[in-house]
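Please look over the sequence and the model first.

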Amino acid sequence: MSVLKILHYPDTRLRLIAKPVKQVDKNIKNIISNMIDTMYQEEGIGLAATQVNIQLQIVVIKKMEEQKNNLILINPIIIQKKGHISIEEGCLSIPEYRAITPRSKYIKVQAINIYGKKIEVESESIISICIQHEIDHLNGKLFIDYLSQFKKDRIEKKFKKIQKKQENNLLSTE
């Protein structure tokens, strides 16, 4: 399998809304496998297809146990939410930045699994937060969107400065 390139903020492709998967075929299974490899390589606990520039509704989540027990959600929809929880979140697409983000403590999700079967998943705490975070990605939303406008402006300025510096470094090496 292979490791995919993760898009970094402020890349506008992170704002695209993913399309539903029509059929779980060999190609979709290959994408999922590559996403899992990427998630582990980058030491993330979840990854949405949109983060690797695949505009399909696919989410992979590390279940904190063995690698073979990853949670795979295709076309996920949150059908129930309860309670509130806020923890400091990070994101592979926004490296080196973390922020307190409000989430639901409990969620129930309908999705399709890797075998093309409809499933319902109930989760609480960290897995619930992770699922909500990744579903946000599928809808073009980032965890920083929950912050105040002042904080968002500071983050955008910081990351545009980093991006410009990286572009200048590329130009100077050519």
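How do the residues of the lining of the second largest pocket divide into nonpolar, polar and charged? They divide into eight nonpolar, three polar and four charged. Here Ala, Val, Leu, Ile, Met, Phe, Trp, Tyr, Cys and Pro count as nonpolar, Asp, Glu, Lys and Arg as charged, and the others, Gly among them, as polar.

## Ground rules

This is a predicted model: local features need pLDDT of at least 70, side-chain atom pairs count only at pLDDT 80 or more, and totals for chains, interfaces and linings use all residues. Residues are numbered from 1 along each chain as its sequence is written, and side-chain values use heavy atoms, with hydrogens and water left out.

## The two pockets

Rolling a probe the size of a water molecule over the atoms shows where empty space is left. A pocket is found on a 1 Å grid over the protein atoms alone: it is an open set of points where a 1.4 Å probe fits, with protein on both sides within 12 Å along at least five of seven lines. Lining residues have an atom within 4 Å of a point. Points are joined across faces, edges and corners, and a volume is the space filled by probe spheres set on them.

The largest pocket holds about 410 Å³ of space. Its lining has 25 residues, and Ile45, Gly90, Cys91, Leu92 and Arg98 lie nearest the centre. By class, eleven are nonpolar, seven polar and seven charged. At least two lining residues come from each of β4 (85-91), β5 (94-103) and α2 (125-138). Helix α2 gives the largest share, six residues. Helices (H or I, at least four residues) and strands (E, at least two) are DSSP runs, numbered from the N terminus.

The second largest pocket has a volume of about 320 Å³. It is lined by 15 residues, with Lys5, His8, Tyr9, Gln163 and Gln166 closest to its centre. Helix α3 (residues 149-173) gives the most to this lining, six residues.

## The annotated sites

UniProt, in an unreviewed entry, lists Cys91, His133 and His137 for "binding site". These residues are spread over 47 residues of sequence, yet they cluster in space, with a largest C-alpha distance of 10.3 Å. Cys91, His133 and His137 are also part of the lining of the largest pocket. For "active site", the unreviewed entry lists Glu134. UniProt positions use the numbering used here, feature names are shortened, and annotations may be inferred rather than shown by experiment.

Cys91 sits in strand β4. Cys91 is buried, at 11% relative accessible area. Buried means under 20% relative accessible area, exposed over 50%, and partly exposed in between (1.4 Å probe, protein chains only). Setting aside neighbours within four places in sequence, Cys91 is in contact (heavy atoms within 4.5 Å) with Gln51, Tyr97, His133, His137 and Phe143.

Helix α2 holds His133. His133 is buried, with a relative accessible area of 6%. Beyond neighbours within four places in sequence, His133 is in contact with Glu89, Gly90, Cys91, Arg103 and Phe143. Glu134 is in helix α2 too. Glu134 counts as buried, at 3% relative accessibility. Leaving out neighbours within four places in sequence, Glu134 is in contact with residues including Gly46, Leu47, Gln51 and Ile61.

## The nonpolar cores

A nonpolar core is a set of buried Ala, Val, Leu, Ile, Met, Phe, Trp, Tyr and Cys residues joined through side-chain atoms within 4.5 Å. The largest has 18 residues, and those with the most contacts inside it are Ile28, Ile32, Met35, Leu47, Ile58, Val60 and Ile72. Helix α1 (26-41) and strands β2 (58-61) and β3 (71-82) each supply at least two residues of this core. The largest share, six residues, comes from α1. Not counting residues up to four places away in sequence, Ile32 touches Ile58, Val60, Ile72, Ile74 and Ile114. A second, separate core of 15 residues includes Leu71, Ile107, Ile127 and Leu138.

Ile72 lies in strand β3. Ile72 counts as buried, at 13% relative accessibility. Ile72 and Ile36 are 36 residues apart in sequence and 9.3 Å apart in space, C-alpha to C-alpha.
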